[in-house]
Amino acid sequence: MSPLVCFGRHRFFLHWNRRLFFVLIFVIAILNVILFLFIFTYTSAKLVTLEDMSKHLVPARTNLELQYNKKIKLCDLMPTFVNSFMPYPNLTVSGSYLKLLQSKLNIELGGVWQPSECISQHHVAIIVPYRDRLSHLQIFIAYMHPFLQLQKLSYQIFIIEQSDKRPFNRGKLFNVGFTEAEKLSDFPCYIFHDVDLIPQNLYNVYGCTQLPRHMSSYIDVFDYKLPYDVIFGGAVAILKDQFLCANGFSNNFFGWGGEDDDFYNRVTRNGTRICRYEYSVSKYIMLSHKKEKPSEDRYFFLQTGGDRFKVDGLNSLKYSVLQIDKRPLYTRILVDL
Ligand code: BGC
Ligand code: MN
């Protein structure tokens, strides 16, 4: 074998080894992209466009049965609006204005309402945890009733007020609201809502979608941007069965922060995805307040949440109701946690 041939072969193999090497790198890169896309698609929130929204909304079965018996027409699952963008909320709501609203809007004692001209396809409990924010409560109530009525919903507003002086426990108050609302009516759909959030678009229908929905995605104080991809705080809509399956919220998050992230983990633990309505629909205003001091043990509870979700939640909930008040525009439940 002449050295020249040997050299040539060597170059030939080197050439092929190099080619193989690049092909391998290329294949690995492609596989990575596919894996990334797969993980991204199945772990991130599903964005629901305006056109698709009515396909995603779940009608309340009991209301459909009611319609069958009464032979009254059903309201639209998703009504249409000529102008769906709401005017800015009235920030100076007086007691007399609220009284006027109550008689004008035909709201039943306890903040209960349903349309009279058709049977709503939604039956929703709106649960609002509360302490010491009277002006927000008044603005919220005055804004939400007309908003929900334009959407032709059957609904009830619950204000769950923490009476004790321990740090505020948003998650536990939601659990109390759910448990108490269940005693009053068979709500298939729950909305867990902060008192300082005001929805801006009427197409943001306050009913439940097949997937648990993060409603308050784009808030003015966050420049109408999602602070992070899996944020699940503010306002959330979830079917009763999905809430039961998650064992509700954790009862352990006293103080600001983390309970909503823990709730996200609970809801998505079995592979369930959450969804969001498109940008223009899920815009919110946050009423101004000073920033709460974040709780220090929230990271601990968040990290260890996975071990506890079966024993910490609706099935371990302990509280004492001090008063249930059917007020003209909402049901107020005063509770000691
Ligand atoms: C907290 C959440 C909160 C979010 C947005 C997070 O760091 O854990 O509870 O909703 O920030 O403010
Ligand atoms: Mn706030």
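In which loop does methionine 215 lie?

1. Basis of the model. This is a predicted model, in which local features need pLDDT of at least 70 and side-chain atom pairs count only at pLDDT 80 or more, while totals for chains, interfaces and linings use all residues. Residues are numbered from 1 along each chain as its sequence is written, chains are lettered from A and ligands numbered from 1 in the order in which they are written, and side-chain values use heavy atoms, with hydrogens and water left out.

2. Confidence. The predictor's confidence in each residue, pLDDT, runs from 0 to 100. Its mean over the protein chain is 91, and 91% of the residues reach 70 or more. Residues 1–7 stay under 50, and the model has two contacts for them beyond four places in sequence; a contact means heavy atoms within 4.5 Å. Where pLDDT is low, the predicted coordinates should not be read in detail.

3. The manganese ion. Ligand 2 is a manganese ion, and its protein donors are Asp196 (OD) and His289 (NE2), at 2.1 to 2.3 Å. Donors are N, O and S atoms within 2.8 Å of the metal (3.2 Å for Na, K and Ca); water is not among the atoms, so sites may look incomplete. Helices (H or I, at least four residues) and strands (E, at least two) are DSSP runs, numbered from the N terminus. Aspartate 196 is buried at 5% relative accessibility, whereas histidine 289 is partly exposed at 33%. Buried means under 20% relative accessible area, exposed over 50%, and partly exposed in between (1.4 Å probe, protein chains only).

4. The residues around ligand 1 are Tyr228, Ile231, Trp256, Gly257, Gly258, Asp260 and Asp261, each having a heavy atom within 4 Å of the ligand. Oxygen atoms of ligand 1 lie 2.9 Å from a polar backbone atom of glycine 258, 2.5 Å from a polar side-chain atom of aspartate 260, and 2.6 Å from an N or O atom in the side chain of aspartate 261. The protein covers 72% of the 310 Å² of accessible area that ligand 1 has on its own; such areas come from the Shrake-Rupley method with a 1.4 Å probe, and for residues only the protein chains shown count as cover. In helix H8, nine of the ten residues are buried, among them Asp260 and Asp261.

5. Methionine 215. This residue lies in the loop between strand S7 (213–214) and strand S8 (218–219). Methionine 215 counts as buried because its relative accessibility is 1%. Beyond four places in sequence, its contacts include Ile191, Tyr206, Val236 and Tyr284. Its C-alpha atom is separated by 8.7 Å from that of glycine 233, 18 residues apart along the chain.

6. Tyrosine 224. The loop between S8 and strand S9 (235–239) holds tyrosine 224, which is partly exposed at 22% relative accessibility. Its side chain is joined to that of glutamine 200 by a polar contact of 2.8 Å. A polar contact is a pair of N or O atoms within 3.5 Å; within protein, one must be able to donate a hydrogen and the other to accept it, and residues adjacent in sequence count only if both atoms are side-chain atoms. Tyrosine 224 also touches Lys283, and the C-alpha atoms of these two residues, 59 residues apart along the chain, are separated by 6.9 Å.

7. Histidine 145. Helix H5 (residues 134–150) contains histidine 145, a buried residue at 0% relative accessibility. A polar atom of the histidine 145 side chain lies 2.9 Å from the backbone oxygen of leucine 329. Leu105, Ile107 and Tyr155 are among the other residues that histidine 145 touches.

8. Backbone angles. Aspartate 132, which is not a glycine, has a positive phi of about 60°. Aspartate 132 is placed in the loop between strand S3 (123–130) and H5 and is exposed, at 71% relative accessible area. Asparagine 247, also not a glycine, has a positive phi of about 60°. Asparagine 247 is in the loop between helix H7 (240–245) and helix H8 (259–268) and is buried, at 9%.
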